[in-house]
Amino acid sequence: MRKFKIIIIVIVALVFAQPLIARVSSDNIEDQLKNYMNEITLKVKGTEDPIQKRVLLDETLLDILKAVKTVKALPTTTEREQKLLGKFEESVQAKYDELNGLNDFERVADEDLDSFTDYVLQDLEQARNYVTMGLGVFILLIILIILIA
Amino acid sequence: MFDCAGLRIGDSRVVLKKLLRCVGVLSLMPLILISCQATSVHREEELPPPAGIRYQLVYIIHGDGSYLFHTADGESHYADRRVLNQAFRTAAALNSGEVFIFHQKPRGRFLFFTQSRDGKFYHYRGGEIMNKISYRRRHTPSLWDEEYAYFRHYRADNRTGPGTVEKPLLIILFYGHQVFETDGTEYHGSYPDEPFSTRELADSISLFAAPDESIGAGCVERAPVDLVVLSTCMGGTVGTLKALAPLSHFVIASPESLHLSHMDMSGLHRLEAWNGNDLQSFLTEVVWHTFTELTHLTSTVVSIALYNTAMVAPLLDSISNQYDEKLRNLELDEGIPLEYYDCIEDPLFPQEYGGEGVFILYRPPLFGRDKNKISHSGWECWK
């Protein structure tokens with residue numbers, strides 16, 4: 001009798017949880033990436049010292065670049081995905097360069113670091129475009145795993 | 001009546017009977033719940049007189065994808081739900097209008113037995129909500145057949161008979177991600193194989209711009225939409241405008257990237273005070289409102305353009321062939337548009353073009369390579 005009750009409870013729980021499980025596998029990975037960047041943004045803004053702000057941003061952008069490079073090198077990544085990842089990488093590299101005043105960029109001033117971190121997050125959160133739309137769930141998931149590891 | 005927990009092992013027939021009852025009730029649950037999903041809020045006789053309807057707004061809000069974004073305070077928002085709330089507020093303020101709001105949601109499953117409804121329709125008339133209906137868009141997720149069917153069924157001028165009502169101003173607003181000119185797959189999170197490109201977008205809008213049967217028998221004149229609002233990234237490409245121009249008198253779009261907070265079109269509530277003359281001037285004010293809201297919220301690029309489709313037609317005709325050829329070449333190159341740029345930077349773009357038919361408000365991004373760019377032609381090209 002007890003077993004029967006448990007089975008019923010498990011079935012009912014699975015039935016109600018199933019739509020949630022299905023959704024986690026698609027768009028929510030992209031959402032997790034956005035949440036990750038939002039946490040970094042909040043950390044940067046919550047830090048008083050501009051040197052610390054700069055270090056946080058610098059490390060985050062480098063982490064993203066590392067993750068993208070790793071995924072690009074995977075044998076399962078298609079040529080199309082590699083091109084799209086290349087565009088994404090270019091965009092992140094430009095932000096890193098601007099933060100540090102490299103490659104003809106004017107270095108972001110200390111007093112502008114909060115605005116700059118907003119800009120980095122908002123750029124990621126543009127209405128989904130040609131770069132992010134072409135990247136599959138698997139690619140995004142690996143990037144996320146590398147970032148949070 | 002029955003008690004699933006009260007089953008006793010011993011009489012197998014009783015157990016079987018009770019089990020069947022449980023299964024029966026569980027299988028009926030989706031039907032019971034689904035039957036509650038369509039709500040008519042007002043009875044037909046309570047509706048405002050259709051003759052008073054001066055304008056109709058149709059919102060198509062795509063929410064079947066990743067629409068999460070964060071405001072500067074770190075608070076998370078879902079773009080589609082935010083637009084939905086804006087649309088509700090605008091609809092409630094339009095006493096002389098009729099508003100049809102369609103929220104396209106991710107597909108889900110309910111109790112394994114059925115797929116949940118992936119669309120929700122809200123119908124406002126005279127500032128009052130009239131109907132709330134859940135519907136399925138899964139048969140044609142990329143075409144707005146279902147949405148048009150609801151519009152046609154519930155619109156006020158459909159009820160007054162042929163030739164008895166002045167055609168209201170018709171505005172269609174689409175909120176979503178970038179709509180591609182070539183490969184439109186992976187647009188819908190729930191239907192990745194269903195393409196949604198500018199072709200499907202134009203085909204869907206053309207449903208609303210179809211021959212207007214209410215004008216009178218035998219009338220084959222097309223009734224173009226008065227305004228299409230395209231709240232997506234890269235909505236101001238030559239190809240997109242070429243697809244939409246025959247369908248609408250005016251188009252509002254963002255030639256460059258657009259932040260997920262979308263275009264705030266709540267300025268349309270001013271329709272109530274609009275005297276019905278000079279639509280272009282009225283829309284210019286709306287564009288200013290949208291632009292101001294976006295520049296306050298974001299540090300990324302803001303570009304909002306109003307296109308007078310009759311006036312941009314000569315330009316579109318003159319560059320159409322070379323644009324199509326370029327597109328074909330890009331398609332041969334795996335069809336990946338990797339970079340967009342202001343068409344004015346293209347030597348093949350008519351350098352004598354002085355912005356005829358386009359009113360654009362542009363604010364460069366606060367950072368990045370383009371932070372010193374001071375203007376935009378309103379036309380976006382690929383390379």
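A residue is buried if 20 or more other C-beta atoms lie within 10 Å of its own, exposed if 12 or fewer, and partly exposed in between, with C-beta atoms placed from the backbone. The views below show a predicted model, in which local features need pLDDT of at least 70 and side-chain atom pairs count only at pLDDT 80 or more, whereas totals for chains, interfaces and linings use all residues. Residues are numbered from 1 along each chain as its sequence is written, and chains are lettered from A and ligands numbered from 1 in the order in which they are written.

**View 1. Helix 5 of chain A is largely enclosed by the rest of the structure, because 10 of its 12 residues are buried.** Helices (H or I, at least four residues) and strands (E, at least two) are DSSP runs, numbered from the N terminus. The buried residues of helix 5 of chain A include Leu113(A), Phe116(A), Tyr119(A) and Leu124(A). Helix 5 covers residues 113–124, and at 1.5 Å a residue it should span 16 Å, which agrees with the 17 Å between its end C-alpha atoms. The expected span is 1.5 Å times one less than the number of residues.

**View 2. Helix 3 and helix 4 of chain A are roughly antiparallel to each other.** The axes of helix 3 (residues 50–72) and helix 4 (residues 79–100) of chain A come within 10 Å and cross at roughly 160°. Axes are lines fitted to C-alpha atoms, for helices over the stretch in contact, and angles run from 0 to 180 degrees between N-to-C directions. Angles under 35 degrees count as roughly parallel, over 145 as roughly antiparallel, 65 to 115 as roughly perpendicular and the rest as oblique.

**View 3. Pro255(B) lies in the loop between strand 12 (248–253) and helix 6 (279–297) of chain B.** Pro255(B) has 29 C-beta neighbours inside 10 Å and therefore counts as buried. Beyond its neighbours within four places in sequence, the contacts of Pro255(B) include Gly235(B), Ser303(B), His376(B) and Trp379(B). Two residues are in contact if their C-beta atoms, placed from the backbone, lie within 7 Å. Between Pro255(B) and Tyr340(B) there are 85 residues of sequence separation and 9.6 Å in space, C-alpha to C-alpha.

**View 4. His177(B) occupies the loop between strand 10 (169–175) and helix 4 (198–208) of chain B.** This residue, His177(B), counts as buried because it has 27 C-beta neighbours inside 10 Å. His177(B) and Asn277(B) stand 100 residues apart in sequence and 33 Å apart in space, C-alpha to C-alpha.
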